[in-house]
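Here's a quick briefing to read alongside the structure. Have the viewer open and follow the topics in turn.

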Amino acid sequence: MGIDAIVWWLFAAVSVVGSLFAVLSPSIVRAVFSLLLAFGGVAGIYAVAGADFLAILQIVVYVGGVLVLIAFGILLTGRTAQALGEHEVKNRPLGILIAAGIFIGLLGALMKSSFKIGGNATNEPTTEAIGKLLLGDYIVAFEFASVFLLMALIGAAYLVRREEA
Amino acid sequence: MSIGPYHYLGLAAALFAIGVIGVVTRRNAIGVLIGVELMLNAANINLVAFSRFSGGLDAQIFAIFVIVIAAAEAAVALAIILQLFEKRSDVDVDRARTLRG
Amino acid sequence: MNEWNIGLAMPEWILAISALVALFLDARTPYHRKEGVGNAVWIGVIVATLWSIMQGFGLDGKEYAFRGRYGLDAFSVLFKVIFGITAMFVMAMSDTWLKRVDRGHGEFRLLTIFATMGMFFVASVEDFATLFVALELITVSFYCLTAFKRNDVRSIEAGIKYIVLGALASAFLLLGIAFIYGATGSLLLRDLASSGAADQIGHAGGALLQFGVLLTLVGLGFKIAAVPFQVWTPDVYEGAASPVTAFLSMGSKAAGFVLLLKVVRACLGPMADSGLAAASSWGALIALLAGLTILYGNLGAMWQGNLKRLLGYSSIGHAGYLLMGVMAFNHAGFTAILYYLMAYLFTVLGVFAVVVLVNGLTKSHRVDDYAGLGRTNPFLALVLTCGLLSLAGVPPLAGFFGKFLIFRAVIAKGTVVAYSLAAVGSLGVVVSMYYYLCVVKRIYMHEAPENGPMKTISGISRPMMAVLWICLIGIFVLGFFVQPFMSLAEQAASALLAG
């Protein structure tokens with residue numbers, strides 16, 4: 001087993017363990033910190049896969065943005081998070097059963113399938129090529145993503161604003 | 001043995017299934033959101049894997065859009081959750097029961 | 001196909017510019033004087049719609065822009081016009097509704113126009129990346145619009161339910177798209193149609209692609225409110241403000257169908273063309289979903305005392321009928337879907353226009369509170385009755401002809417699955433007849449209670465009056481003068497099939 005594989009398994013283990021804690025931990029605060037592990041692990045997987053730009057983006061947006069946002073959400077609604085205690089989760093056996101079903105279904109589909117493998121897996125930096133594609137072939141999606149961000153900003157700002165007396 | 005596409009896809013399937021557990025079992029709306037974020041991450045791992053093993057960057061571009069949009073969506077979701085908390089002092093999705101029929 | 005051709009997307013640019021002007025005006029004006037914002041948005045939608053109609057006349061086959069990532073054909077033009085008209089009707093309703101609200105006029109109009117922009121964009125989608133961005137632009141605007149009444153717990157709860165289920169559906173859609181990419185190596189819809197995907201999807205080795213298409217259809221099923229992602233519909237319809245519900249029931253559903261048709265065409269089209277055996281099992285799957293959706297919607301609607309909830313369930317039922325057209329999967333089926341949507345536009349928006357006006361007076365959505373509408377407001381009662389009868393599919397109204405075309409297309413398939421689906425569909429029609437007629441009976445046969453809130457509604461604004469008249473006339477015109485609209489639908493369906 002090469003060093004690549006060891007690093008890969010390490011990150012995979014971190015993300016799986018982190019996400020397991022994130023969904024199973026009875027305390028929502030602990031769940032958020034486990035989520036940090038999961039997101040970090042996924043960023044590592046991206047890095048090992050040669051997607052350097054995505055790995056950075058994952059850390060900046062998910063760890064720096066979404067996670068902080070969720071943490072704020074918990075701080076602001078914190079009183080209940082503790083008061084709820086063990087009532088935090090419901091029908092866990094059912095959830096695990098559904099999840100196991102989905103997992104086995106996905107694996108089954110993957111095992112039976114052949115997919116397109118071509119080109120060489122390289123570890124070249126991707127940032128330049130991504131920039132060219134974003135402002136080239138994908139320019140419409142890029143423009144509309146910016147419209148989307150403006151819309152989300154307006155919507156979220158309106159929704160959280162308190163009613164002035 | 002070296003890491004092939006099936007490793008990535010298996011990992012993604014695991015994360016997706018774990019995310020489903022979160023969505024199904026959490027009462028707290030923020031907990032549900034965490035589950036959904038994990039599922040989106042799983043989809044992105046798939047995309048990155050396909051990008052690595054098929055040589056194209058298109059999947060990575062798609063993953064960038066997913067990350068950007070998921071983040072903004074989370075912001076909107078939290079805005080609505082906070083507003084619900086303001087009105088009702090809890091964010092239990094199961095007790096959101098004013099609407100029935 | 002490699003040129004930029006930026007002018008082709010002019011309707012979207014016009015909407016974007018009007019949104020920016022509106023945003024600028026909104027920031028500069030105090031709360032009570034938002035007319036400028038409203039005007040900017042109105043002008044934007046009207047000019048964009050007219051521009052699309054103009055493009056439709058000058059169109060020659062299919063034109064591409066942005067290196068083939070944006071396409072315009074008869075199919076997209078037809079839908080852009082439908083979305084433009086929907087947006088105008090909804091804006092007339094929102095103007096009426098916003099008079100009862102004291103905050104957030106600017107934001108409401110901005111979110112409306114962003115959603116409209118997303119819908120215009122959706123009609124021209126050529127690859128999965130733009131598809132996802134456009135779809136989320138629509139969906140997230142609707143999350144905000146649904147939760148818009150910040151002081152109303154029901155509205156916020158509806159918003160939470162919508163966003164939780166919507167995000168879940170997005171996750172399924174994304175996984176599906178990832179699988180499709182993995183199997184075919186391309187995000188372009190037209191590559192999918194030509195990359196031999198049909199061979200893969202028909203065989204056991206194509207499990208990845210099959211799973212991908214399945215997950216994508218499930219994710220899009222959320223948008224059109226089909227089983228198994230229909231649970232949000234009644235709650236969101238009830239909790240959201242009435243103009244938003246109107247917008248959801250027409251705009252959001254039609255946008256879902258645009259994408260569904262494009263994806264089904266790209267993924268399953270070549271397979272149906274080559275007559276593979278797998279085509280029939282996909283047909284059976286869609287038929288199963290359509291049947292379940294029809295039953296769920298129509299049976300659920302029977303016991304509803306709240307008119308908006310009832311319309312929510314009935315809209316699930318209509319998604320089922322439209323899916324019947326998808327199941328037929330040929331020119332006749334697609335034509336029927338397009339005709340049905342055109343008829344649905346005038347029908348359902350006419351109904352919601354009345355709901356907005358009546359709710360302004362009675363502050364209630366209970367069916368019981370519509371008693372006496374026939375006496376106090378004969379015109380509104382007429383529009384509502386014609387709308388409900390058209391939804392039920394009573395001849396010779398618009399809705400009847402849409403249903404007729406759908407059933408004809410399905411029965412023409414001549415398989416056992418098609419016949420059973422048609423039987424389930426007719427059962428749904430009979431059930432729906434019952435609950436729509438109950439409402440009509442309430443309107444005409446029951447007296448308004450003494451001292452009740454039901455009075456003659458005065459001061460209906462001119463745009464609102466225009467909406468009511470246009471919907472009323474549309475319901476009859478699409479029932480009597482079928483041919484011109486039929487040929488529009490046929491052209492669009494041919495364009496879709498030509499790819």
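**Chain A at a glance**

Of the 165 residues in chain A, 38% are buried. Keep in mind that this is a predicted model, with an ipTM of 0.92 and a pTM of 0.94.

**Fold of chain A**

- Take the contacts in chain A with a separation of 6 or more: 55% of them link residues 24 or more positions apart.

**Where chain A meets chain B**

- Here 76 residues of chain A are in contact with 62 residues of chain B.
- On the chain A side, at least two residues each come from H1 (3–24), H2 (28–48), H3 (52–76), H4 (78–84), H5 (92–112), H6 (127–134) and H7 (139–160) of chain A.
- Sorted by class, that side of chain A has 54 nonpolar, 17 polar and 5 charged residues.

**Where chain B meets chain C**

- At this interface, 35 residues of chain B are in contact with 37 residues of chain C.
- Three helices of chain B give two or more residues each to the side touching chain C: H1 (5–25), H2 (29–54) and H3 (58–88).
- H3(B) gives the most, with 16 residues.
- The chain B side splits into 25 nonpolar, 6 polar and 4 charged residues.

**Helix H17 of chain C**

- The mean pLDDT of chain C is 90, and 96% of its residues reach 70 or more.
- H17(C) covers residues 398–411, and at 1.5 Å a residue its 14 residues should span 20 Å; the end C-alpha atoms are 20 Å apart, which agrees.
- Why call H17(C) largely enclosed by the rest of the structure? Because 10 of its 14 residues are buried, a residue counting as buried when 20 or more other C-beta atoms lie within 10 Å of its own.
- The buried residues are Ala398(C), Gly399(C), Phe401(C), Gly402(C), Lys403(C), Leu405(C), Ile406(C), Phe407(C), Ala409(C) and Val410(C).
- What covers them includes H13 (307–328), H14 (331–362), H16 (378–392), H18 (416–445), H19 (462–480) and H20 (482–498) of chain C.

Terms used:
Residues are numbered from 1 along each chain as its sequence is written. Chains are lettered from A and ligands numbered from 1 in the order in which they are written. This is a predicted model: local features need pLDDT of at least 70, side-chain atom pairs count only at pLDDT 80 or more; totals for chains, interfaces and linings use all residues. Two residues are in contact if their C-beta atoms, placed from the backbone, lie within 7 Å. Helices (H or I, at least four residues) and strands (E, at least two) are DSSP runs, numbered from the N terminus. Ala, Val, Leu, Ile, Met, Phe, Trp, Tyr, Cys and Pro count as nonpolar, Asp, Glu, Lys and Arg as charged, and the others, Gly among them, as polar. The expected span of a helix is 1.5 Å times one less than its number of residues. A residue is buried if 20 or more other C-beta atoms lie within 10 Å of its own, exposed if 12 or fewer, and partly exposed in between; C-beta atoms are placed from the backbone. pLDDT is the predictor's confidence in each residue, from 0 to 100.
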